[in-house]
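Here is a short report for a reader meeting this structure for the first time. Please look through the sequence and the model, then read on.

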Amino acid sequence: MSALGIIGGSGLADSKFFESPEELTVETPYGATSSTLHRGRLKGQDVVLLSRHGRQHTIPPSQVNNRANLWALQHLGCDRVLTTAACGSLRAEIGRGAIVVPDQFIDFTRQRPVTFHESFPPGIENAKHAAMADPFNGDLRRHLLAAGQSLGLDVRDGGTTLTIEGPRFSTRAESRMFRAWGADLVNMTIAPEAALANELGLAYAVVAVVTDFDSWKEDEPPLLVQDLVNVFRANVEHVTALLLATVPRLIKGGGE
């Protein structure tokens, strides 16, 4: 049975839910992964955990080695990846603490590797241009939404998340521009990770937790890191429960 990769900092990060956990270091062609990887069994499924920003959250978003992280997960047998991410809301109706399963992204990063293909084989027919019309796996998204419904959680179906470079937050002008572009959420991690997963043929979906309103709301004070952290921590139990409820559905339902 193929393995499920989980990237993020949710309550599953310490692998306490695993049967027979082991900690692994994987050498990759792209350098070191963000953290060691924890592998074990969870509800009958092989699962591999990785902490995107390191175990102590020491790696800024723009410095995350996404290529190494995803290559390592695939190397350990993962063909599906679920991730968690803190996001700012660009819509009044998506409040703090909301859980969203996005279906689209806009990549507004500037300096990160966004492909594994640094050159193409000879011949135009060998050019590697990944299809990205629907960047998040529909099957994984449906399982996440169904698991949320079974738990009685209000999980929002769909939305466009825009990824900025970071680590700074948006100016008010930028935030208003992102809203005008049609984005619903803003974050610092999802787009390059999703694109790279797609190139590797990994099914990928994200659980986005809304922690703030970015900078567009004039009646909100400037965003502080501690406010973001407090909201995310308050929702860790919901995110953990959602992931735990999704795993057995993946075994029964397979993947696209």
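Predicted model: local features only at pLDDT ≥ 70, side-chain atom pairs only at ≥ 80, totals over all residues.

How many bridges join strand 5 to strand 10, and do they run parallel or antiparallel? Two bridges join them, and the strands run antiparallel.

**Strand 5 and its partners**

Strand 5 covers residues 78-89. It is mostly covered, with 10 of its 12 residues buried. Strand 10, residues 185-187, is one of its partners. Strand 1, residues 3-7, is another, and five bridges join it to strand 5. These two strands run parallel. Strand 11, residues 203-212, also pairs with strand 5 in the parallel sense, over nine bridges.

Leu 4 stands opposite Arg 80 in strand 5. Arg 80 also stands opposite Ala 203 in strand 11.

Next comes strand 9, residues 160-164. Is strand 9 buried or exposed? Five of its five residues are buried, so the strand is largely enclosed by the rest of the structure. In a regular strand the side chains alternate between the two faces of the sheet. In strand 9, both faces are covered. Thr 160, Leu 162 and Ile 164 are buried on one side. Thr 161 and Thr 163 are buried on the other.

Strand 7, residues 104-108, pairs with strand 9 in the parallel sense over five bridges. Gln 104 has Thr 160 of strand 9 as its bridge partner. Strand 9 is also joined to strand 10, by three bridges, and the two run parallel. There, Leu 162 stands opposite Val 186.

| Strand pair | Bridges | Sense |
|---|---|---|
| Strand 1 and strand 5 | five bridges | parallel |
| Strand 5 and strand 11 | nine bridges | parallel |
| Strand 7 and strand 9 | five bridges | parallel |

**Helix 1 against helix 4**

Now turn to the helices. Helix 1 spans residues 66-75, and helix 4 spans residues 190-199. Their axes come within 10 Å and cross at roughly 40 degrees. Angles under 35 degrees would count as roughly parallel, and 65 to 115 as roughly perpendicular. Helix 1 and helix 4 are therefore oblique to each other. Their crossing is right-handed.

Which residues make the contact? Helix 1 contributes Asn 66, Arg 67 and Leu 70. Helix 4 contributes Pro 192, Glu 193, Leu 196 and Ala 197. The residues of this contact divide into four nonpolar, one polar and two charged. An α-helix has 3.6 residues a turn, so residues three or four places apart point the same way.

Helix 4 is mostly covered, as eight of its 10 residues are buried. These are Ile 190, Ala 191, Pro 192, Glu 193, Ala 194, Ala 195, Leu 196 and Ala 197. Just after helix 4, Gly 201 takes a positive phi of about 80 degrees.

**The end of helix 3**

Helix 3, residues 172-180, contains Ala 180. Is Ala 180 buried or exposed? Its relative accessibility is 67%, so Ala 180 counts as exposed. Gly 158 lies 22 residues from Ala 180 along the chain. The C-alpha atoms of these two residues are separated by 18 Å.

**Backbone exceptions in the loops**

Most residues other than glycine have a negative phi, and most peptide bonds are trans. Some places in this model depart from that pattern.

Gly 166 and Pro 167 are joined by a cis peptide bond, with omega about 0 degrees. Pro 167 is in the loop between strand 9 and helix 3.

Lys 43 is not a glycine, yet it has a positive phi of about 55 degrees. Lys 43 is placed in the loop between strand 3 (37-42) and strand 4 (45-50). Its relative accessible area is 47%, so Lys 43 is partly exposed.

Asp 214 also has a positive phi, near 50 degrees. It belongs to the loop between strand 11 and helix 5 (225-234). With a relative accessible area of 8%, Asp 214 is buried.

Note on methods:
Residues numbered from 1 in each chain as written. Heavy atoms only, no water. Axes fitted to C-alpha atoms, helices over the stretch in contact; angles between N-to-C directions. Helix = DSSP H or I, 4+ residues; strand = E, 2+ residues; numbered from the N terminus. Parallel < 35°, antiparallel > 145°, perpendicular 65-115°, else oblique. Left-handed = near helix turned anticlockwise from the far one by under 90°. Contact = heavy atoms within 4.5 Å. Nonpolar A, V, L, I, M, F, W, Y, C, P; charged D, E, K, R; others polar. Buried < 20%, exposed > 50% of the residue type's maximum accessible area, 1.4 Å probe, protein only. Pairing = 2+ DSSP bridges.
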